[in-house]
Amino acid sequence: MSVTHKIAEVIDKKLVSTITNDVVIGIDIGSRTGKAVLLADGKLYTAITPTAVFTQQTADKLFGILLKQTGFKQSDIQYIVGTGYGRISLNFGEIPHKIVTEISCHAMGAHVLNANVRSIVDIGGQDSKAIRVDPKNGKVVEFIMNDKCAAGTGRFLEKVAQLLDLTTEDLGREALKATKPSDISSQCVVFAESEVISLKAKGEKRADIAAGIHIATARRIRNLFNRIGLEPDLVFTGGVSNNAGMKKAVEEVLGHAISEVKLDTIYAGALGGAVIAQKALTAARVEKEGLSASAS
């Protein structure tokens with residue numbers, strides 16, 4: 001699956017001029033889905049696919065989707081940045097490439113979508129992160145992540161959805177129907193699952209339990225921001241960012257509205273990777289020009 005956008009219509013107007021015409025790709029291999037963004041000639045192309053057992057296979061599939069969609073040949077790609085859960089094993093042969101942490105890529109991706117962003121909530125399949133960003137350059141100021149426990153992650157929400165006989169996509173929508181969100185006190189995923197089972201047995205409404213789970217997850221995010229500080233503008237990225245119930249819970253628990261941007265922020269990491277790829281090419285040109293000038 002792939003979509004085409006005009007760069008001028010999705011990138012923050014203050015930063016459109018910083019996007020060059022270099023043909024680059026950012027590939028973000030998450031634990032659940034692989035995402036890719038290709039930037040070229042004033043357009044932004046996206047691709048998405050489930051993550052395969054072998055991450056290189058996922059990267060190759062995304063690469064193929066983008067080449068087929070855009071008509072570019074492999075030799076036209078000037079630089080690739082790989083990021084995400086499966087970034088370590090990625091290889092792109094003779095195409096210039098580098099591996100960048102997903103934290104840096106999500107920060108840069110959110111920055112070019114909203115030049116004022118200072119805080120990012122990133123909830124993926126395996127972990128959740130609170131990130132503070134420098135709005136001057138899109139670089140990470142500070143971050144903290146929850147990667148020791150499944151609670152507060154996409155995997156946890158998937159498990160809860162199964163317990164409530166819902167799909168993951170429906171879990172967030174169900175939470176929006178709640179009239180009295182259930183109190184989920186456990187911070188451990190195992191005990192939280194037990195609480196959900198107990199609440200079901202007591203006859204609590206499914207919508208109220210779903211809302212309670214989202215609020216409990218948002219509280220874990222708040223705990224992360226309590227350690228590094230939270231400033232607006234706030235952007236929500238990662239695979240869970242399309243969950244309406246999670247968005248509502250994060251806004252209510254953090255007391256900050258999530259900024260609206262013009263691109264699905266599941267692509268924030270891949271977009272940030274593509275922008276970093278362009279910056280790497282620009283830096284290489286500047287360095288080459290400097291060496292040429294000094295030599296003459």
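Strands here are DSSP E runs of at least two residues, helices are H or I runs of at least four, and both are numbered from the N terminus. Two strands count as paired if DSSP finds at least two bridges between them.

Before I go on, this is a predicted model, so to speak about local features I need pLDDT of at least 70, and side-chain atom pairs count only at pLDDT 80 or more, while totals for chains, interfaces and linings use all residues. Residues are numbered from 1 along each chain as its sequence is written, and side-chain values use heavy atoms, with hydrogens and water left out.

On confidence: pLDDT is the predictor's own per-residue score, from 0 to 100. The protein averages 92, and 94% of the residues score at least 70.

Strand β3 (33–40) runs antiparallel to β4 over eight bridges. The two make a hairpin with two residues between them, and D41 in that turn has a positive phi of about 50 degrees. β4, residues 43–50, also pairs with β1, residues 2–6, again antiparallel, over five bridges. There, H5 sits opposite L44.

Now the other sheet I want to show. It's open, with four strands in the order β9-β8-β7-β10 and mixed pairing. β9 (140–146) and β10 (234–237) are the edges, each pairing on one side only. β7, residues 119–123, pairs with β10 in the parallel sense over four bridges, and S119 stands opposite L234.

So what about packing? A nonpolar core here is a set of buried Ala, Val, Leu, Ile, Met, Phe, Trp, Tyr and Cys residues joined through side-chain atoms within 4.5 Å, where buried means under 20% relative accessible area, exposed over 50% and partly exposed in between, with a 1.4 Å probe and protein chains only. The largest one has 37 residues, and V121, L164, L171, F225 and M246 touch the most other members. Helix α7 (206–228) is among the elements that each supply at least two residues, and its eleven are the largest share. A second, separate core of 29 residues includes V10, I19, V100 and A270.

Last one: is T167 buried or partly exposed? It's in the loop between α4 and α5, and T167 counts as partly exposed because its relative accessibility is 39%.
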